[in-house]
Amino acid sequence: SSGINAEYGDISTTVNNEINSIRLIDHPKGFELLPSRCEATSIKVLLEKHGLSYQVEIKSNVEYISTNGRFPVLIFNETDIVCGFSELVKYLWKRGYSLSEKLNQNEKCDMDIYTALIKRLEALELFTSWLIEDNYTHVTLPAYTSHTTWPLSAILPFYKKRQVYRLVASQGQWHDISSEMLMAETKDVASALTERLGDQGTFFKDGDTGQDVVTELDCLVYGHLNAIFMTKLPSYRMKRALGLHSRLIDYCKYVESKHGLRAQRERS
């Protein structure tokens with residue numbers, strides 16, 4: 001398994017290092033694309049759930065600051081650079097910050113499975129942004145090239161689009177790359193999430209009290225769903241496919257009202 005728990009190991013073997021400051025470097029408002037908006041929302045929700053305050057800094061070149069191509073970029077204690085949700089979870093776990101330490105081994109395996117499911121959703125977000133022509137022409141291309149000049153404004157999006165196509169094509173279960181595939185795959189992901197939730201408020205419950213347990217998985221899923229539902233695009237079949245599952249909309253509203261998960265994208 002390559003999910004959160006499998007990758008990061010047993011938290012009891014880690015050390016607790018103090019976190020004194022966090023800088024979150026993000027795209028200018030209006031220039032973030034759907035995939036990075038989803039990841040940014042998940043990251044902010046996770047930090048806030050841990051009670052960790054952060055200072056947002058806006059930089060147009062955040063993509064080139066990232067060490068692994070994921071953003072926003074986080075700088076801890078002015079020394080440690082952490083990029084993307086998965087790296088953030090790993091970094092926090094090593095310092096004693098965990099939302100899922102009460103889960104049993106079977107639940108941790110489930111958490112890994114559904115974390116991997118969101119990886120499929122990430123590929124669909126890339127597809128929606130880069131390979132749906134209306135979205136690419138009217139939203140992605142202007143945003144991606146807004147801070148570059150010719151010839152980079154022509155070269156960079158060409159290579160990025162090709163990279164996204166290869167990534168999407170590498171998904172073994174996808175036999176064709178089309179809008180129909182996008183709808184079918186999105187519905188599959190939505191159905192799996194809906195079935196796992198059932199009538200529960202969150203993905204896991206405390207084995208002793210029966211109360212909801214908000215884990216890293218909730219932060220990840222909520223971040224992606226919230227950003228997808230809140231983002232406006234010219235052609236957005238992915239949003240419509242997810243919206244058909246009213247249970248996912250109810251889930252977002254529930255964790256906002258009951259557990260304080262909120263996407264603070266306006267913060268600056």
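**The main pocket**

What volume does the largest pocket have? It comes to about 750 Å³. Keep in mind that this is a predicted model, where local features need pLDDT of at least 70, side-chain atom pairs count only at pLDDT 80 or more, and totals for chains, interfaces and linings use all residues. Residues are numbered from 1 along each chain as its sequence is written, and side-chain values use heavy atoms, leaving out hydrogens and water.

A pocket here is an open set of points on a 1 Å grid over the protein atoms alone where a 1.4 Å probe fits, with protein on both sides within 12 Å along at least five of seven lines; lining residues have an atom within 4 Å of a point. The volume is the space filled by probe spheres set on those points, which are joined across faces, edges and corners.

**Who lines it**

The lining of the largest pocket has 33 residues, and Glu63, Gly69, Phe71, Leu126 and Lys160 lie nearest the centre. Helix H5 (105-130) is among the helices that supply at least two residues each, and H5 gives the most, with seven. Helices are DSSP runs of H or I with at least four residues, strands are E runs of at least two, and both are numbered from the N terminus.

**The sheet**

Four strands make an open, mixed sheet in the order E2-E1-E3-E4. Its edge strands, E2 (55-58) and E4 (80-83), each pair on one side only; pairing takes at least two DSSP bridges between two strands. E1 (residues 22-26) runs parallel to E2, joined by four bridges, and leucine 24 has valine 56 in E2 as its bridge partner.
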